[in-house]
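Here's a quick briefing on charged side-chain pairs. Have a look at the structure first, then read on.

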Amino acid sequence: MDLRFGDSKPTDEEREAVDALLGPPESAWEGADDRSPADLRWARGGREARERRDLLLPGLHALNDRVGWISEGGLNYLCRRLTVPPAEAYGVATFYSMFAVRPRPAQLLHVCTDLACAARGAGALTSGLTARGVTFAPSPCLGLCERAPAALLTRAGVEPAQDGSQPLAREPEHGDSSARDGRTADPAPSGGRTADPPTADGVGSADSVARVGRTADPAPSGGQTADPPTAGPTADGVGSGDSAARVGGVAVGVPGAGAGPRRSLLGALSGEAPTAPHTVNSVAPGGTTRGDGPAAHPVTPGGPAAAEGSSGPATPGAPVTAAGPAAPGASAAPPLAPGAPRTRLAAVIAPATAAELAYAVRDPEAAAPEVAAVMAVPQAGQAGLPLLARVGVVDPGSVDDYRAHGGYAALRRAFALGPAGVIREVTESGLVGRGGAAFPTGRKWQATASQPDAPHYVVCNADESEPGTFKDRVLMEGDPYALVEAMTVAGYAVGADRGYLYIRGEYPRAHERLAHAIDEARARGLLGDDVLGSGFAFDIEIRRGAGAYICGEETALFNSIEGYRGEPRSKPPFPVEKGLFGKPTAANNVETLVNVLPILTRGAEAFRATETKLFCVSGNVDRPGVYELPFGITLGELLDLAGRPDTLRAVLLGGAAGGFVRPDELDIPLTFEGTRAAGTTLGSGVVLVLDGSVDLPRILLRIAEFFRDESCGQCVPCRVGTVRQEEALHRVKDRTGAAAADDIALLREVGQALRDASICGLGQTAWNAVESAIDRLGVYT
C-alpha cells in the first residue's frame, strides 16, 4: 500500500468537515497536530484501517459540501484518517461528476440538458441564462422530468449565525452515522439552541424542522384522509366521477385538457391560484401539523401554493430554522455551540425559467420552495393504487401516520410467516425486478438466504440515473417509511442484519426524508437490535451517490459503497454469492422492494391478479408524471391518460438505454414480454414522448454524449466505442441519404462491438436508441 502523502495541509474548514464525520483524530498517524510519545512507538493499521475504507465516499461528500471542491490538502487529511493511498482516493474523487478537485464557486447552478428537459425547452433556458450572464453547469438528468426543464442549485461553504437568527440547516449523513466501527454521526442541527422537544409522535415541532427551500408534502396526519376529488379537474389535475376511467381494474384519472400537474406547478411558481386545492392538513417535514386548512393555499404574490408545507406567502430572506432532534438511540455528536457554522443546502427549481434561475442565483434564500411530491402523481387520491396510494395522503415525516394507513402490517405478517415463508410468498407472486433486468425477486432472495457465508447484506439501489426515470424519487419523497419497512422485510427474509440504501446525490429532499424516517424507525423500535420485539436485528445506512450513472449497475454500486471507483465487476461470482464487502447480497431497486409490501398484506395470488407497474411519462404530454397502471395496458392507452401531443413524432421506451417506437405502434402492450416481442424494451418504465417540434438528430446526439460521459472507461469496447458513436453522430446530424451512408455503416459496426464485447449493460445498450431511431424512425434517410 503506497501511502505517499503530500505536503499540502488542510484548512481549518476542511479539517472540521472530516472530523464531523469521523470524530477527532486519535493520533498523529491519523492527522492530529500533536505527536505523543505513544505515536512514536506504535501505529494503528491492518484490518481496522481497511474496514474504514467504506467511509471514503461520505468523507469526499463532507469536503465537497463544506468547501465546494476537494483540495489536495483536504484529500490528504481524509486519506490519513482512513489510511487510504491518496492516489487511489484521487481516482475515486475524479470518478464522480458532483465532485471537483480544482477550485470552483461555492454556489453552482446545475441545469439539466438531458432528454426530457431538452424536449421541454432546456435549450432556450440555457440560452436565456447565457444572455443574462448567469454561470451554470450543464447536467445529466436530475430526475425531475415531470417538471422539465429543471435545475438544481447547490451551495457549499458555511455561514455563522448572526444576531440570534437561525442558521441554515446542513444536510446530515444520518445513515452513515449508524456505523459499525463506533463512528459518530454528523452534528445534530442546532446552531446554538437546543432542538425543540419531540411531540406526541416523537418528532420535533414545526419550528425545529423547517428546511431551506424544502418543506413537507401537503398531507393529512393523524389518520385523516384527503377530501374526495370533486367533479372536474382539481389542483393536481385529477378529476373524479365522470372524469375517471377504469383500465384493467385500476381507476385512472383523465383530467380536462387545460388541467394537469404541469399547469398546477407552473401556477405555483408564477403566482396563479389553483382551481381546487385538496383540503388536507399542512405538515412540516418532521410531521408536525401546522393547521387544518388547505395544504395548497391560494397563491398571493410572493408565496407559491403548491410548495410543500407552505402556510402562507414566502418571505424573501426570512430566517430558516434548524433541523429537528436526532432520534433517541441514534449515535450523534454534540450540538454545535452558538454561532457555529452550518453547511448550506441545495435548492430545486423546476419547472425553471431563465428569470427564475437568475433570481435564485442572486438570492437563494428567496427561491420558491420545492413543490409537493404528490404533484408528480396525476392519479393522486384514486383508489386501487398499491404503490402510490399513500403519496399525498400520509405525512412523509410521521411514522404514526404511516402506521395509521397500514404501515408495518407487512412486516408483522413477515414475522408470522418466517423467512422461508416470506421468500415463498414473493416467489409465488411472480415479482421481478423493476429496474429493467426483470430477474425474479424470489429466486434472488432464496439464493442469498441459502449462502453459508456470513454476514448477508441487503442493498437498495436508489440511484435511478436513467434519463427520464423519476418513480423511485416520488416513492422516497412521498412514502419513505414504505421503503424502510420493505428493506426490513428483505433483511429478515435473506438473513441480513444490515442494509445499505444508496441514493442519488441529486435527490436532496429524498435523502432528507429517508434519513429522518430511518432515525424515527430506529427510535420506535422498528429498526435496531430488536425490531418490534421479535428478536430480529436490522439497521439501515444511507450512502449518497455523487453523480455516476454506472453506479446503477449493482456491482459498480458495491464498489462505490466500499470506497472504490464505481466500476462494474466481472461475473461470476454473482452478488448473491459475493456482493457487498465480498458477502452474499440481495440488491433491489426501490419499486421492487416496495412491491413486497402488498404481496404480504394481500397475498401472492391477489397480487398476481392485479399487478401494477410504475410508468414515468414525460416530454411533450399534457399531464406528465408517475402513473401506476396494470401490466398489459397499451402504450396508446397510457398516452391518452397523459394527454398525447397533436403531432406525435416518436416515443422512447426505457430511457437512453431503450428504444424508439413509431406513432403507428401504440398498440404495444406494456409488459416485459410485450415490449420485447415488439423489438423494444420496457426498462425501468420510462415513456418519453416527442412531438414534431423536437429535433431527433439532436436527441440522438445527446444520448450519445450521455453514454460517452457516463462510461467508466474500464473496458475498451465501451471506452472507445461510445466516443466513436458520438463522433459519427456529430458528422451526420445534418446529413441524410447517401451523404450519411458511410457513417451509418460505421455506427452499425461500432454498435455491434459495444453490444457484444462491453463488460456491463451500459456499453451493451449504448447503441439501442440510435439503432431504433435509424431503423424504425428512418432518421438520416
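This is a predicted model: local features need pLDDT of at least 70, side-chain atom pairs count only at pLDDT 80 or more; totals for chains, interfaces and linings use all residues.

Residues are numbered from 1 along each chain as its sequence is written, and side-chain values use heavy atoms, with hydrogens and water left out.

**Overall count**
- Searching the whole structure turns up 45 salt bridges (a side-chain nitrogen of Lys or Arg within 4 Å of a carboxyl oxygen of Asp or Glu).

**Arg544 and Asp65**
- These two side chains form a salt bridge, N to O at 2.6 Å.
- Arg544 sits in strand 11 (residues 539-544) and Asp65 in helix 3 (residues 56-67), so the pair ties together parts 479 residues apart in sequence (helices, H or I, of at least four residues and strands, E, of at least two are DSSP runs, numbered from the N terminus).
- Arg544 is buried at 5% relative accessible area, whereas Asp65 is partly exposed at 22% (buried is under 20%, exposed over 50%, partly exposed in between, with a 1.4 Å probe and protein chains only).

**The network**
- Glu146, Arg147, Glu370, Arg473, Glu477 and Arg509 are joined in a network of salt bridges.
- Within the Glu146–Arg147 salt bridge, the closest N and O atoms are 3.3 Å apart.
- Glu146 is buried at 2% relative accessible area, and Arg147 is buried too, at 1%.

**Lys571 and Glu554**
- Lys571 pairs with Glu554 in a salt bridge, with 3.3 Å between the closest N and O atoms.
- Lys571 is in the loop between helix 18 (554-562) and strand 12 (585-589), and Glu554 is in helix 18, 17 residues apart.
- Both are partly exposed: Lys571 at 36% relative accessibility and Glu554 at 22%.
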